Amino acid sequence: GTIQTILMIVTDLTALRTAESLARERESLITTIFETAAQAIVGVDAAGRIQLVNRMAGEMFGYTTEELLQQPLETLIPDRSRAAHATHFEAFATDPGTRPMARDLPLSARKKDGTVFPVDVSLSSVKSPSGFLGVAFVTDTTERRNQHAALRTQQTEVHRLKAALYAAEEAAARDLARELHDDITQRLAFLSIEIGKAAAEQ
């Protein structure tokens with residue numbers, strides 16, 4: 001009944017603690033990047049319900065992040081585009097990948113107040129512990145579209161001014177030619193009369 005031997009097992013946890021610390025730092029960094037991204041980031045499950053949103057998504061669409069979670073993705077899509085989007089989303093969930101959404105087609109999104117605005121969307125996907133998660137990176141292109149529209153307006157105005165200047169130059173050239181022609185004609189007529197007089201006097 002007496003203790004004869006004491007066995008002690010000592011494990012150095014330094015490496016484990018270091019790994020845990022690095023993992024926490026990495027998770028914190030990823031969270032910071034996610035929350036400070038300039039793009040709206042929206043993650044949806046296979047059923048099309050929003051499971052993940054960042055701060056910019058709330059600001060862009062006019063919702064709080066809590067309001068968006070568990071909502072159908074169609075909440076952010078204009079009424080006219082919802083049927084087509086449902087078909088596209090089903091195809092993406094079946095064959096996910098990283099690619100632009102609806103390449104070469106204009107895309108629009110819908111704010112909480114019903115405002116529809118132009119966007120660019122890039123798609124990706126991840127496998128989460130609960131399954132498929134489609135991720136959309138959304139950029140509001142309103143300012144870019146406005147700049148393009150302003151540039152087109154300026155280009156149209158430049159073309160109009162060039163055409164007006166060309167027409168004015170042509171009109172000025174015609175007027176000058178007419179004035180020169182009339183002046184020369186008058187002088188020739190005068191000279192002809194003077195020559196006639198001189199000939200008669202001889």
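Is F117 buried or exposed in this structure? At 4% relative accessibility, F117 counts as buried. Buried means under 20% relative accessible area, exposed means over 50%, and partly exposed lies in between (1.4 Å probe, protein chains only). F117 is found in strand β5. Helices (H or I, at least four residues) and strands (E, at least two) are DSSP runs, numbered from the N terminus. F117 and T142 are 25 residues apart in sequence, and their C-alpha atoms are 6.5 Å apart in space.

The structure is a predicted model, in which local features need pLDDT of at least 70 and side-chain atom pairs count only at pLDDT 80 or more, while totals for chains, interfaces and linings use all residues. Residues are numbered from 1 along each chain as its sequence is written, and side-chain values use heavy atoms, with hydrogens and water left out.

Rolling a probe the size of a water molecule over the atoms shows where empty space is left. The search ran on a 1 Å grid over the protein atoms alone. A pocket is an open set of points with protein on both sides within 12 Å along at least five of seven lines. A cavity, by contrast, is a set of points where a 1.4 Å probe fits but cannot get out. Lining residues have an atom within 4 Å of a point. Grid points are joined across faces, edges and corners, and a volume is the space filled by probe spheres set on the points.

About 660 Å³ of space lies in the largest pocket. Its lining holds 30 residues. Of these, I77, H85, M101, L107 and V121 lie nearest the centre. At least two lining residues come from each of β1 (40–45), α4 (82–94), β3 (99–100), β4 (107–110), β5 (116–128) and β6 (131–140). Helix α4 gives the largest share, 6 residues. The lining divides into 23 nonpolar, 5 polar and 2 charged residues. In this division Ala, Val, Leu, Ile, Met, Phe, Trp, Tyr, Cys and Pro count as nonpolar, Asp, Glu, Lys and Arg as charged, and the others, Gly among them, as polar.

Charged pairs form a further set of contacts. Side chains of opposite charge can pair when their charged atoms come close. A salt bridge is a side-chain nitrogen of Lys or Arg within 4 Å of a carboxyl oxygen of Asp or Glu. By this rule the count comes to 4 salt bridges. In one of them, R55 pairs with E59, with the closest N and O atoms 2.6 Å apart. Both residues lie in helix α2 (residues 55–61), 4 residues apart, about one turn of the helix. R55 is partly exposed, at 36% relative accessibility.

E157 and R160 meet in another salt bridge, at 2.7 Å from N to O. Both lie in helix α5, 3 residues apart, about one turn of the helix. E157 is partly exposed at 34% relative accessibility, and R160 is partly exposed at 46%.

K112 also forms a salt bridge, with E67, and the closest N and O atoms are 2.9 Å apart. K112 lies in the loop between β4 and β5 and E67 in helix α3 (residues 65–68), so the pair ties together parts that are 45 residues apart in sequence. K112 is partly exposed, with a relative accessible area of 43%. E67 is partly exposed too, with 33%.

The loop between α3 and α4 holds several residues of note. Q70 lies in this loop. Most residues other than glycine have a negative phi. Q70 has a positive phi of about 75 degrees although it is not a glycine. Q70 is partly exposed, with a relative accessible area of 44%. L76 is found in the loop between α3 and α4, and at 5% relative accessibility L76 counts as buried. L76 and G114 are 38 residues apart in sequence and 9.3 Å apart in space, C-alpha to C-alpha. S81 is also found in this loop and is partly exposed at 26% relative accessibility. The C-alpha atoms of S81 and A109, 28 residues apart along the chain, are separated by 9.1 Å.
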